[in-house]
Amino acid sequence: MDLLIVDDEASLRDFLTIVFEEEGCRVETAATVADARAVLQKREPDLVLCDLMLPDGSGLDLLREIKSQNPSIAVVMITAHTSTKSAVEALKAGAHDYIAKPFDIDELKIIVSKAVERKELEDENLHLRSALEERHTFANIIGKSAKMQEIFGIVQRIARTASTVLISGESGTGKELIARAIHYNSGRRGKFVGINCGAMPETLLESELFGHERGAFTGAIREKRGLFHEADRGTIFLDEIGETTPSVQIKLLRVLQDRVVRRVGSNVETQVDVRVLAATNRDLGESIRNGSFREDLFYRINVIPIALPPLRQRKEDIPLLVDHFIVKFSSQMGVPQKRISADAMRLIEKYHWPGNVRELENVIERMIALEPSEVLTTKSLPEQVLLGGTIPDVTTFDLPAEGISLQDHLESIGKIFMLKALERSGGVQTQAAELLQMSFRSFRYYAKKYDLIPRDVVEVEGEK
């Protein structure tokens with residue numbers, strides 16, 4: 001690692017040079033702002049340790065200059081002039097951290113180590129995005145973990161084939177993003193068309209998929225092209241295919257076998273050139289055993305299986321995802337890009353994320369919307385993340401001196417139970433409601449209130 005130390009005290013510069021050279025760093029030093037500029041013109045260090053007060057200028061001004069020229073350089077401010085105001089100013093200007101003299105050298109080593117680790121994660125993310133720049137949607141799929149890198153490799157290899165792909169994984173793991181990546185890297189000239197098969201009853205789903213003739217059923221006042229026709233020469237994405245009924249499964253099998261589609265109410269079959277990508281959060285093997293899913297259809301869609309890991313199994317990707325969502329929502333909301341505190345990041349990394357990447361995205365959006373300062377703190381985290389996804393033992397729970405919001409606390413516990421019920425039921429709300437002895441309407445109301453399900457999902461009472 002290349003390190004630049006900017007401080008007007010010669011003894012401190014010499015001491016820190018010895019310390020960090022023993023840590024394997026290549027160290028350069030500067031006593032003034034002018035000296036630091038001269039060094040920065042010749043080389044770009046990985047990290048700068050910079051004094052706040054320098055003989056010929058302010059360390060804050062140098063920090064801003066460094067960040068404007070190369071935002072990837074990590075900067076840690078060190079000073080004897082400690083104050084809350086200067087600390088906030090340094091963080092707002094882009095400093096990774098801030099430490100006051102006299103400081104403990106081990107504490108400084110930890111701060112430097114974390115700054116370097118964060119920079120390496122950001123650099124790796126930029127490298128991944130750059131390497132896949134020409135591949136349309138890879139920039140939105142974040143992951144440096146071995147499992148995600150393996151999935152990226154599979155997608156690249158199979159994108160230009162016509163093979164059917166089955167993408168499995170829990171809700172919120174990014175199945176549609178992977179499907180879109182396959183399509184946009186396939187070279188197919190048609191469009192990408194997606195549908196959630198578990199979001200509508202059988203009759204409506206058949207009409208959406210295959211189209212219908214005028215008068216085919218009550219309300220069919222005109223003929224309608226189905227999504228298989230809309231996706232001709234392109235890709236159709238059948239999300240939650242495990243929720244389809246036996247009748248729909250038979251028709252899907254016919255399309256996959258012969259590449260022909262028959263509209264509801266018609267005797268005419270039409271040839272289609274469509275690549276089929278399917279996804280499920282269910283164990284289709286178990287569905288085959290209990291008779292709810294056809295084995296022959298499974299073998300047709302499972303030509304190339306891709307299993308997405310839940311976020312709790314790739315926690316090394318969480319800092320990258322957090323950075324990605326901070327940039328995304330800061331831009332969308334038109335606010336300066338915010339930073340996240342170490343304490344908040346630690347709780348986020350500790351949480352088990354039953355809603356996976358989608359839940360993490362919602363949490364970061366909420367934090368940016370609610371946090372008035374430039375630094376996202378633990379105060380903006382929802383209760384379930386603060387609790388670590390666990391419910392405290394009320395017999396040993398000690399009421400804080402400042403008190404708590406009982407309503408908020410009870411809501412957070414209710415949300416945790418609802419998430420568990422959805423997880424156990426494979427996302428089927430009617431079954432989740434039964435597990436919690438709630439009416440379907442009450443469960444649906446709170447599920448929407450707490451953003452536990454996508455807004456466009458509609459489940460009819462009694463539908464599985």
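User: What does Leu-360 touch, apart from residues up to four places away in sequence?

Analyst: Leu-360 touches Leu-311, Leu-321, Val-322, Phe-325, Ile-348 and Trp-353, where contact means heavy atoms within 4.5 Å. A caution on the model: it is predicted, local features need pLDDT of at least 70, side-chain atom pairs count only at pLDDT 80 or more, and totals for chains, interfaces and linings use all residues. Residues are numbered from 1 along each chain as its sequence is written, and side-chain values use heavy atoms, with hydrogens and water left out.

User: What makes a set of residues a nonpolar core, and which residues have the most contacts inside the largest one?

Analyst: A core joins buried Ala, Val, Leu, Ile, Met, Phe, Trp, Tyr and Cys residues through side-chain atoms within 4.5 Å. The largest has 35 residues, and Val-322, Ile-340, Ile-348, Trp-353, Leu-360, Ile-364 and Met-367 have the most contacts inside it. Helices supplying at least two residues each include H13, H14 and H15 (356-370); H13 gives the most, seven. A second, separate core of 28 residues includes Leu-252, Val-255, Val-276 and Ala-278.

User: Why is H13 called oblique to H14?

Analyst: H13 (residues 318-333) and H14 (residues 342-350) pack at about 120°, with axes 10 Å apart. Angles under 35 degrees count as roughly parallel, over 145 as roughly antiparallel, 65 to 115 as roughly perpendicular and the rest as oblique, so H13 is oblique to H14. Ile-318, Pro-319 and Val-322 of H13 meet Met-345, Ile-348 and Glu-349 of H14. By class, that gives five nonpolar, no polar and one charged residues.

User: How do you know that H8 and H10 are roughly parallel?

Analyst: The angle between H8 (residues 202-210) and H10 (residues 246-258) is about 15°, with axes 10 Å apart. That falls in the range for roughly parallel, so the two helices get this label. H8 passes H10 in a left-handed crossing. Glu-202, Leu-205, Glu-206, Leu-209 and Phe-210 of H8 make the contact with Ser-247, Val-248, Lys-251, Leu-252 and Val-255 of H10. These residues divide into six nonpolar, one polar and three charged.

User: Is Thr-235 buried or exposed, and why?

Analyst: Thr-235 has 0% relative accessibility, so it counts as buried; the cut-offs are under 20% for buried, over 50% for exposed, and partly exposed in between (1.4 Å probe, protein chains only). Thr-235 lies in strand E12 (residues 235-239). Leaving aside neighbours within four places in sequence, its contacts include His-183, Phe-192, Val-274 and Leu-277.

Methods. Axes are lines fitted to C-alpha atoms, for helices over the stretch in contact, and angles run from 0 to 180 degrees between N-to-C directions. Helices (H or I, at least four residues) and strands (E, at least two) are DSSP runs, numbered from the N terminus. A crossing is left-handed if the near helix is turned anticlockwise from the far one by less than a right angle, and right-handed if clockwise. Ala, Val, Leu, Ile, Met, Phe, Trp, Tyr, Cys and Pro count as nonpolar, Asp, Glu, Lys and Arg as charged, and the others, Gly among them, as polar.
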